[in-house]
Amino acid sequence: MDKYNLNNKYKAIVIGGSAGSFQGVTKILSNMPEDFKLPIILCLHRLKHVRNGFVEALSIKSQLEITEPHDKEHIKKSRVYLAPANYHLSIELGHTFSLSTENMVNNSRPAIDITLNTAAYVYRNKLIGILLSGANKDGAMGMEHINQRGGRTIVQDPIECMIDTMPTAALAVTEIDHVLKVDDIIKFLIELNNAYK
Amino acid sequence: MFEHTFLPYHHLIMKEIDIKDLKRITELIRERHNYDFTNYAMSSFKRRILRIMDMHNLTLDMLFKKISTENTFFDEFLSEVTVNVTEMFRDPSFWRILRDDIIPAILLNHKSFRIWHAGCSSGEEVFSMAIMLKEMGILNDTSIIATDLDTLILDRAKSGTYPAKNMELNNKNYIRYQGTSSLDEYYTIENGKAIMDKSLLNNVSFRKHDLVTGDIFNKFDLILCRNVMIYFNQNLQNEVLKKFHESLFKYGYLIIGSKESLIWCDIANKFIVVNNEEKVYKKIKD
């Protein structure tokens with residue numbers, strides 16, 4: 001059943017989220033097989049001064065290895081990367097990460113716009129961007145950028161979001177390919193993974 | 001002039017600049033001003049250039065012309081193209097390790113010792129270090145050299161003057177660090193500015209030095225370079241680490257940011273990891 005008409009051209013998935021996204025993210029990760037064929041890059045708003053605990057909390061139900069990347073670390077498939085506290089996370093040409101302590105963007109560091117924007121630049125039409133529940137507009141411009149570069153965009157259905165400001169803002173500024181509930185995002189990603197078999 | 005922390009990012013993020021134009025900019029800077037940004041990390045360098053063009057309302061051609069012909073503009077450009085966002089006692093757990101483990105280990109073998117803050121920016125970490133050493137009672141047994149490529153930011157560090165609103169975060173960090181005093185013992189507030197106690201800088205000398213083009217100028221027991229090399233690509237990180245290695249006494253310490261790593265660099269085997277969480281390394285081979 002190929003509902004979403006996916007092929008194996010995609011190279012990475014980036015997921016942005018803020019308030020109310022934790023449950024959705026853990027549910028998505030817990031449903032991914034350990035041989036998932038793409039890297040999943042997470043940029044989630046988090047407390048700036050709490051460095052530890054988030055990876056552990058996300059890892060409880062995930063079969064995929066989750067880490068906070070080091071600066072200039074190479075991006076690998078079947079891995080989940082979480083933007084570390086108090087750093088912006090960028091993707092570089094050559095598929096490595098870069099960290100930065102630049103000013104907050106959208107009152108956030110890490111800022112979802114920065115991660116999405118640099119990922120869109122590097123992966124072009126081979127990127128899938130997913131934006132979940134959240135209470136500010138971070139990520140909307142990044143989704144527009146993914147759209148302009150030919151990537152695929154998904155937002156969590158605002159009806160399902162604890163706080164729908166973030167997906168609603170993205171829907172207001174750009175065309176979003178799919179508005180999906182978390183369970184359907186999971187189906188989308190499973191179908192995507194099957195395209196690589 | 002350098003305190004516009006707000007940037008209208010929303011229209012900025014949509015702009016792009018070609019790699020070949022970025023290369024032209026770095027070449028021009030290298031020829032005219034003797035700084036080399038060729039091996040800076042692309043993503044942040046591009047954001048900085050776009051930000052400068054946006055702040056000064058410049059087209060690419062105008063930017064080229066100003067870099068070529070206006071030296072005062074170039075000083076500002078240098079300040080803006082490098083990232084100068086920092087905190088006092090950023091990562092309090094790191095400062096505790098430094099106080100409780102690293103400095104005591106140095107003191108086992110040395111009565112006095114030398115510290116280099118490489119890429120000290122506006123000086124928050126220099127003041128953090130001086131406060132920590134003062135509370136340990138050994139401030140006068142140390143000499144500190146703090147360097148940056150940007151003379152405007154060095155002036156700000158020397159002046160020890162910060163926006164008062166920044167002190168809230170600095171205070172919180174200090175409390176988490178568990179200092180023996182209270183951070184406000186070390187500054188006064190005047191006209192919305194926090195003015196640091198200058199006696200903290202008695203053994204500090206600030207110096208202009210570019211990690212990329214600069215020479216090795218001294219030997220140290222401890223080098224701090226946290227969240228500076230993240231703006232470099234891997235080749236440049238490699239080169240700078242060689243300079244740090246040469247600038248350290250044997251068994252001296254190198255400390256980088258908590259999300260940086262030495263493991264990819266050529267000379268990783270000349271260091272051992274003392275604390276992996278806080279990225280404290282010790283030179284064990286010449």
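In chain A, 72% of the contacts between residues at least 6 apart in sequence join residues at least 24 apart. Keep in mind that this is a predicted model.

Let us stay with chain A for a moment. Six helices and nine strands are found in this chain. Of its 197 residues, 63% are buried.

Now for the place where the two chains meet. The size of an interface is often given as the accessible area lost when the parts come together.

| Item | Value |
|---|---|
| Area buried between chain B and chain A | about 3,300 Å² |
| Residues from chain B in the contact | 38 residues |
| Residues from chain A in the contact | 35 residues |

Carbon and sulfur atoms give 50% of that buried area. Between chain B and chain A, 18 residue pairs are in polar contact. On chain B, the side that touches chain A draws at least two residues from each of α1 (9-12), α3 (42-55) and α10 (234-247). The most come from α3(B), with seven residues. Sorted by class, this side of chain B holds 13 nonpolar, 11 polar and 14 charged residues.

What about salt bridges: how many cross the interface of chain B and chain A? There are six. B:Arg47 forms a salt bridge with A:Glu102, with the closest N and O atoms 2.7 Å apart.

Conventions. Residues numbered from 1 in each chain as written. Chains lettered and ligands numbered in written order. Predicted model: local features only at pLDDT ≥ 70, side-chain atom pairs only at ≥ 80, totals over all residues. Heavy atoms only, no water. Contact = heavy atoms within 4.5 Å. Buried area = accessible area lost by both parts, 1.4 Å probe. Salt bridge = Lys/Arg side-chain N within 4 Å of Asp/Glu carboxyl O. Polar contact = N/O pair within 3.5 Å; in protein donor to acceptor, adjacent residues only side chain to side chain. Helix = DSSP H or I, 4+ residues; strand = E, 2+ residues; numbered from the N terminus. Nonpolar A, V, L, I, M, F, W, Y, C, P; charged D, E, K, R; others polar. Buried < 20%, exposed > 50% of the residue type's maximum accessible area, 1.4 Å probe, protein only.
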